[in-house]
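Please look through the structure below slowly, with the sequence beside it. We will begin with a helix and then turn to the ligand and its surroundings.

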Amino acid sequence: MSESAVSAAHPLSFRRLRADGDTAQPGRANATNGLLSQRWHLPQEGVDQAAPALLLPARPVGEAWWVTGEVRHFQRGCLSYSTNGQWLYGTACIDDRREPGGLQAAALRAYAELFELLENSGCPHLLRLWNYVAGINQPCDGLERYRHFNVGRQQAFLAARRPAFAGAPAACALGTEGGPLTVHFLAGQVPPQAIENPRQVSAYHYPKEYGPRSPTFSRAAVAPLGGDREALFISGTASIVGHATLHLGDVRRQTIETLDNIEAVLQAAAPHTRAVDAASGHRLDRLDYTVYVRDRADLEAVRTAFEQRVGPASPAARDAVYLRADICRADLLVEIEAQSVIDTGAGGRR
Ligand code: 3EB
């Protein structure tokens, strides 16, 4: 059986969840559906994870991945994960304050354990990573904590002989008030296509002024999900052109520049998607957005600029989720990530 035939047997689906909707338990809708992951944008009781705070909408929201077929849940070292053997979603959690060697060592170990799991799981390919780091802009031994994280992360990729430069996975890295280093991940059997943004220097080639080791992520990834479905994962995106931060102190212009970058990523991804045409493909006005705002007081300015750019009446504006987080450069006020799942079959978009 070919790789794509295997994944087509258990296609992966995504849905935004609303506590007041009928989709909170998609896995229950059909006995043959297995819930692979369910992540609410709320502090989860009894779960010690780092999580950005929900700003909007007012009612709880979350997101879920699910598959056809039985899903089993496991715990191993710093990892907890769920898998049906063909898709794997999980979380690595390490309290870096208690880790000998601190955040750098915690990042190295979190990724080393993740890579070891993936090699033995049958799901070796990472589609997307979400990194949450407490106090991401705080200095530690003369180096910002984000830069410590980057050292450990890149070391882990190199040690595991995984692509730390071209071909790195799509990702984001945000700062929380507290909590352990928390890395959520989605992996599968088929390697995604990494996408870069021609307006930006690839993050894995940032010059040394941004830290001793560069960040390990691609600007986006296109991933076949089986069953004629395709995902586009757009990494955390900010007001960076070339490698420089633009519009210092101006959150409105940073938001617009960020959306210009997302539009450029969409254009760069277009030749790599299987969408039959632009209208049914991954579109700026239909992506599922998560908007990270550094300062709560900027929320309305960010939302106004965002909605104007994606269309005030668009599905994108209606469904966007706004979270409070620190951004991994102290001069960035906003960061936006997005994803989209389309149907590339004759039936068109789902
Ligand atoms: C940037 O473009 C903004 O370190 O994994 C965006 C996405 C950013 C991912 C990461 C960092 C990361 O450099 C910051």
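The expected span of a helix is 1.5 Å times one less than its number of residues, and helices here are DSSP runs of H or I with at least four residues, while strands are runs of E with at least two, numbered from the N terminus. The model is a predicted one, in which local features need pLDDT of at least 70 and side-chain atom pairs count only at pLDDT 80 or more, whereas totals for chains, interfaces and linings use all residues. Residues are numbered from 1 along each chain as its sequence is written, and side-chain values use heavy atoms, leaving out hydrogens and water.

Helix 5, which runs over residues 299-310, has 12 residues and reaches 16 Å from its first C-alpha to its last, close to the 16 Å expected. Its buried residues (under 20% relative accessible area, with a 1.4 Å probe and protein chains only) are Leu299, Val302, Ala305, Phe306 and Val310. They lie on the same side of helix 5 because they cover an arc of only 140 degrees around the axis, the arc being that of the directions from the helix axis to the C-beta atoms.

A polar side-chain atom of Tyr146 lies 2.5 Å from an oxygen atom of the ligand, and for Arg153 the corresponding distance is 2.7 Å.

Terms used. A polar contact is a pair of N or O atoms within 3.5 Å; within protein, one must be able to donate a hydrogen and the other to accept it, and residues adjacent in sequence count only if both atoms are side-chain atoms. Buried means under 20% relative accessible area, exposed over 50%, partly exposed in between (1.4 Å probe, protein chains only).
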